[in-house]
Amino acid sequence: MDKRTIKGVLFDLDGVLIDTEGNYTVFWNKVNEVIPTGVDNFSSVIKGSNLATILNTYFPPEQHARVVAMLNEHQAAMRYDFFPGAVELLDMLRRRGIPACLVTSSDTKKMRSLYNQHPHFREYFSGIVTGDMVKKPKPDPECFLLGAGLLNLPIENCVVFEDSFNGLEAGRRAGAAVVAVASTNSRDSLKGTADVIIDGLQDFSLENLGL
């Protein structure tokens with residue numbers, strides 16, 4: 001990590017804090033079988049994109065309602081399990097008074113399912129940015145700039161935790177320090193995408209941030 005002063009943390013959700021990426025890979029591959037997009041590695045291509053972008057880019061309008069219904073059913077039944085080290089890191093940030101913002105491409109309906117399973121989850125964050133709050137999805141930096149604004153911090157004083165290539169690019173384009181979590185993609189494939197690459201949050205120390 002470079003020597004900039006880090007005062008706030010911006011977390012992606014799926015693949016960083018919550019272990020759902022494999023589940024979504026299975027889901028979107030299934031959707032691609034039922035409603036073929038013609039896109040190779042479809043589930044990988046769309047990682048980090050919000051639902052509106054996925055629908056408008058890859059599916060005809062007459063199929064949107066069908067895809068949304070399939071997704072809602074899937075997310076309502078899905079388990080939202082924390083990755084090892086996630087709760088411990090969030091607790092440590094809170095004890096040290098370092099504000100955190102959740103920056104996710106997920107919509108509010110999916111987030112309600114998450115909150116139902118983890119009622120105290122929102123208490124870890126000083127701000128939450130969801131996919132329906134931004135006009136331009138990752139890799140555009142809008143979401144992370146909005147997150148830094150919710151923390152009342154310059155983006156240069158924030159660090160982004162991300163797992164997807166789109167999210168990592170968004171963090172870099174925003175101007176934040178970036179930590180790549182190798183939960184979805186291999187360490188080798190992540191080289192050059194971030195200031196720091198870690199296998200999981202359990203491997204991360206706040207000392208890496210100079211705090």
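**Entry 1: strands β2 and β3.** I looked up the bridge partner of Val103 in β3 and found Val129. I take strands (E, at least two residues) and helices (H or I, at least four residues) as DSSP runs, numbered from the N terminus. Strand β3 (residues 127-129) runs parallel to β2, and three bridges join them. I count two strands as paired if DSSP finds at least two bridges between them. From β2 the chain passes through helix α6 (residues 108-117) to β3, a β-α-β crossover that is right-handed. Right-handed means that, with the strands pointing away from the viewer, the path from the first strand over the helix to the second runs clockwise.

I note the basis of this work: the model is predicted, local features need pLDDT of at least 70, side-chain atom pairs count only at pLDDT 80 or more, and totals for chains, interfaces and linings use all residues. Residues are numbered from 1 along each chain as its sequence is written, and side-chain values use heavy atoms, with hydrogens and water left out.

**Entry 2: strands β1 and β2.** I then turned to β1 (residues 8-11), which pairs with β2 in the parallel sense over three bridges. Phe11 has Leu102 as its bridge partner in β2. Buried means under 20% relative accessible area, exposed over 50%, and partly exposed in between (1.4 Å probe, protein chains only).

**Entry 3: helix α1.** I checked the length of α1 (residues 21-34): at 1.5 Å a residue its 14 residues should span 20 Å, and its end C-alpha atoms are 20 Å apart, which agrees. The expected span is 1.5 Å times one less than the number of residues. I listed the buried residues of α1 as Glu21, Tyr24, Phe27, Trp28, Val31 and Asn32. They cover an arc of only 135 degrees around the axis, which puts them on the same side of α1. The arc is that of the directions from the helix axis to the C-beta atoms. The face turned away from this buried side carries the exposed residues Val26 and Glu33. Among what covers the buried residues of α1, I noted α2 (42-45), α3 (51-58), α4 (61-77) and α6.

**Entry 4: the whole chain.** I recorded nine helices and six strands. Of the 211 residues, 51% count as buried. Residues 24 or more positions apart account for 66% of the contacts (heavy atoms within 4.5 Å) with a separation of 6 or more.
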